Amino acid sequence: MVSRAAERSGAGTAAPDAAAPYAAVSDAAIRGTVLPRVASTPPRRRTGMRGQLALAFAGLAAACALCLGLILGHQAYEEAGAARRRDLGALAALLDGRLAADMEGRVVLLSVLSRLDQFNTEEDLPRAGALLDNLRRGFPNFAWLGIADPAGRVVASSSNLLLGADVSARPWFARGRDGLFVGDVHDAVLLARLLPQRDGEPWRFVDIALPLRSPDGRLLGVLGAHIDWRWAAAQERSTVLPFGSRRGIDLLVVARDGEVLLGPDALAGTVLRLPLLDELNGQRGATAGGADASGTDANGLGAGGTGAGGAATVGTGGSGTGVGEASPGAAVAPAGGTGSAGEAAARRGVDGAAAARGALPAVTPAVQRWPDGRDYLTAAVAARGGGSYPGLGWAILARQPAEMSYASGRQVITTVALWGGAVALFCAALGWFLADWIAAPLARIARLVDRLRLGEGQDFPPVRGPREVEALSDALRRLLGALTRKEAALSAAEEAGRRDPMTGLLNRAGLAAQLESFSLRARLGGRGFALLCLDLDRFKPVNDEHGHAAGDAVLREAAQRLGRCVRGSDVVARIGGDEFVLLLEEQAGLSSEGGSAEVGRRVLESIGQRPFTVPGEDGRPVTVSVGCSIGATAWSRGVTDTAELLRHADAALYAAKRGGRNRMAFHHPSLPEAAPGGAAA
């Protein structure tokens with residue numbers, strides 16, 4: 001390649017003299033030549049200055065408008081594709097979140113149901129049919145609910161379907177005996193002939209099953225549920241409905257093996273092969289490979305077993321809980337033992353698996369050639385579980401025809417190129433006459449915006465002028481109003497998220513933020529603080545004898561009394577049920593322990609020595625008495641984190657309960673740690 005210096009050097013080389021061949025012509029030859037007569041040309045009429053300026057402005061404006069329009073049009077084309085990629089990725093992630101949240105909700109619902117007192121003995125199970133019917137009526141997406149005894153015989157079911165049938169060979173029963181099982185989408189087998197037909201559409205289910213155990217840990221049976229897969233289709237429609245019908249957007253749910261579980265009719269049930277899916281599965285496999293390493297890491301995540309086919313199984317590995325790959329379902333097994341210890345271990349394993357899934361990388365949306373031969377802009381996300389729901393290894397795809405994805409960008413290029421030149425010519429011809437008329441209201445808008453930016457006012461009065469200027473003024477005013485309302489709504493939502501709706505006190509999230517703030521001030525050299533965990537005594541009989549309305553009234557009154565026992569700088573929170581937490585700033589001249597003892601005395605008097613008047617089940621006021629047990633601890637520089645403070649207060653609370661209730665106990669190192677599930681949870 002020739003360098004620029006060489007180019008400049010070559011450009012300076014002398015060229016041959018073009019006039020040299022004519023130098024030898026004699027003057028005589030020239031004098032003897034007869035020259036032709038040239039006719040005179042009349043002078044041209046020159047354009048006036050005003051016209052020249054108009055033409056100059058028009059030409060310059062037209063050139064600038066065309067160039068700028070082409071540049072902006074190309075940029076708009078690229079941004080249209082980028083925006084559509086973001087939109088498709090967000091739609092896929094939104095559907096994933098909705099499906100995971102619904103599945104998690106159903107898992108939690110069935111987990112709570114399995115712990116009810118109605119399922120303590122074998123004799124209780126056949127009487128659960130009415131409860132299952134009520135649950136199915138309240139949650140229509142449950143196609144079937146049933147309970148099978150340890151031998152696999154259905155002893156109770158919704159609508160008495162399959163009552164007495166042998167389901168021991170069904171995967172949900174076989175794997176639900178060992179722990180929580182979530183089965184992937186499958187066709188109905190035993191229920192296919194019993195459920196009503198739906199215009200030729202087959203019944204398809206997602207299974208959830210978990211064991212029913214007696215208080216001593218003995219297996220009583222298996223609680224199973226079939227969720228109608230049309231629930232997922234309804235979620236897909238509600239996700240894409242706002243604009244998908246106008247833009248040709250489709251959402252698909254694809255199994256790990258590539259089978260389309262949910263999507264357009266032409267693709268449903270087919271096996272999909274796309275490079276984007278291969279890339280997603282590769283990244284998911286790499287992530288799962290790290291989680292499948294044997295042993296136990298710092299989070300208690302060990303090596304799990306491998307089932308047949310591809311969904312997550314949570315079992316035991318080493319001393320922790322492992323994550324492996326299995327299919328068609330995901331089973332969560334107790335990590336050793338039965339009862340609360342096994343459940344806690346299983347919960348830790350599920351949480352570790354969810355954390356591993358949350359770390360899956362995203363796949364960049366790209367244009368893919370689909371089986372119908374068309375190109376679609378496609379986004380894919382790996383479906384994640386959440387909480388007790390371990391996930392089933394699905395992939396969520398969002399697609400849109402490529403020509404529609406970039407249509408707005410191409411239209412912008414054409415529109416800007418055509419209209420930019422025409423508008424530029426017109427504006428150039430008139431703009432310098434109308435400059436002051438147009439610029440004055442725009443300048444006023446700019447000054448108003450600057451005032452708002454500097455915080456000098458919040459009013460944006462309407463600006464009069466050309467229609468476009470007035471439209472801009474109105475749009476800015478609406479934007480300002482929308483931003484103000486949105487900011488207020490966000491602030492209100494954030495505050496509501498930190499408040500207990502029943503008592504108005506801070507909830508667990510609000511307490512966590514306040515506890516971090518107190519701890520930070522204490523570490524930076526400010527005053528220390530005390531933490532009191534409070535649990536109402538004899539509260540359950542109030543609910544049992546007088547109804548939940550009476551219990552709620554006791555909780556609200558207890559919250560008000562607690563508020564009157566502390567100062568304005570202290571914090572009162574309700575963290576669940578009849579559990580409360582108090583954060584007390586250290587008072588001048590009084591240690592944290594001394595201050596908490598005084599507050600604890602006032603709380604014991606206010607709660608334990610004054611009865612509550614609440615509405616009974618018949619609406620008449622009744623008087624009830626409850627007490628409270630308080631566990632207290634104080635911040636010290638030896639405490640490493642806030643969770644340790646909560647554990648100390650929990651231990652002191654349990655010591656107070658063991659000491660006879662309706663009393664206060666301070667934490668000291670000899671106290672045993674509290675059982676899981678207290679405030680520290």
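This note reviews the aromatic pairs and the charges over rings in a predicted model.

1. Basis. The model is predicted; local features require pLDDT of at least 70 and side-chain atom pairs count only at pLDDT 80 or more, while totals for chains, interfaces and linings use all residues. Residues are numbered from 1 along each chain as its sequence is written, and side-chain values use heavy atoms, with hydrogens and water left out.

2. Phe-139 and Phe-142. The structure contains 8 aromatic pairs (rings of Phe, Tyr and Trp, the last by its six-membered ring, with centres within 6.5 Å; planes under 30 degrees apart are stacked, over 60 edge-to-face, the rest tilted). In one of them, Phe-139 and Phe-142 have ring centres 6.2 Å apart and planes at 70°, so the pair is edge-to-face. Phe-139 is partly exposed at 37% relative accessible area, whereas Phe-142 is buried at 0% (buried is under 20% relative accessible area, exposed over 50%, partly exposed in between, with a 1.4 Å probe and protein chains only).

3. Trp-229 and Trp-394. This pair is also edge-to-face, at 5.4 Å centre to centre and 70° between the planes. The partners are 165 residues apart: Trp-229 lies in the loop between strand S5 (219-228) and helix H6 (230-247), and Trp-394 in the loop between strand S13 (375-382) and strand S14 (395-401). Helices (H or I, at least four residues) and strands (E, at least two) are DSSP runs numbered from the N terminus. Trp-229 is buried at 6%, and Trp-394 is buried at 2%.

4. Cluster. Trp-144, Trp-172 and Phe-173 make up one aromatic cluster.

5. Charges over rings. Arg-399 sits over the face of Trp-370, 4.6 Å from the ring centre, and Arg-521 over that of Phe-518, at 4.7 Å (NZ of Lys or CZ of Arg within 6 Å of the ring centre and within 35 degrees of the ring normal).
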